[in-house]
Amino acid sequence: MRRIEEDRAKAEMAGASLAEREAAGTFEQRRTDYPRLVRPPDAETDLVHFRRHHVSAEAAAASVTQARQALESAHEQTESARNALRAAAMRTQGLERLVDRAREERLAEMLDADQKAAEESASRKRKGRR
């Protein structure tokens, strides 16, 4: 039960990390494609082709910008998930320490009770021999 929160945080961290890797791949691909897409035509071109190329180049630039923003957003989500995982792990560790401490206290109480019972039994046996 105590680990459910931590397991959920791990799953969210894994999902955020995967999304960040995918965003990084998309950004890198668009950044790599950009020079090829914006390279001007080799020869003189008419106005229609020039405008078409210009629109395509602007779209390529916007695509790179959008991919970079998506990567930054994914990175922020990964950091947020990482912080949530750390917090959940700390809470889990704290709860486990409390449970361990309570278990140790119960064991000590049982040992004390057993010791007391053994001493009383030994005392009764000594009294019975007299």
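Hi everyone, let's start with arginine 31, which is partly exposed at 41% relative accessibility (buried means under 20% relative accessible area, exposed over 50%, and partly exposed in between, with a 1.4 Å probe and protein chains only). A quick note on the model: it is predicted, so local features need pLDDT of at least 70 and side-chain atom pairs count only at pLDDT 80 or more, while totals for chains, interfaces and linings use all residues. Residues are numbered from 1 along each chain as its sequence is written, and side-chain values use heavy atoms, leaving out hydrogens and water.

So who is the partner of arginine 31? Glutamate 28 forms a salt bridge with arginine 31, and their closest N and O atoms are 2.6 Å apart (a salt bridge is a side-chain nitrogen of Lys or Arg within 4 Å of a carboxyl oxygen of Asp or Glu). These two are separated by about one helical turn because they sit 3 residues apart in helix α1, residues 4-38 (helices are DSSP runs of H or I, at least four residues, numbered from the N terminus). Glutamate 28 is partly exposed too, with a relative accessible area of 35%.

Staying in helix α1, arginine 36 and aspartate 33 are also 3 residues apart, and their side chains meet in a salt bridge at 3.8 Å, N to O. Arginine 36 is exposed at 52%, whereas aspartate 33 is partly exposed at 22%.

Now over to helix α2, where arginine 68 and glutamate 72 lie 4 residues apart, about one turn of the helix. Their side chains form a salt bridge of 3.2 Å, N to O. In the whole structure, a search finds 6 salt bridges.
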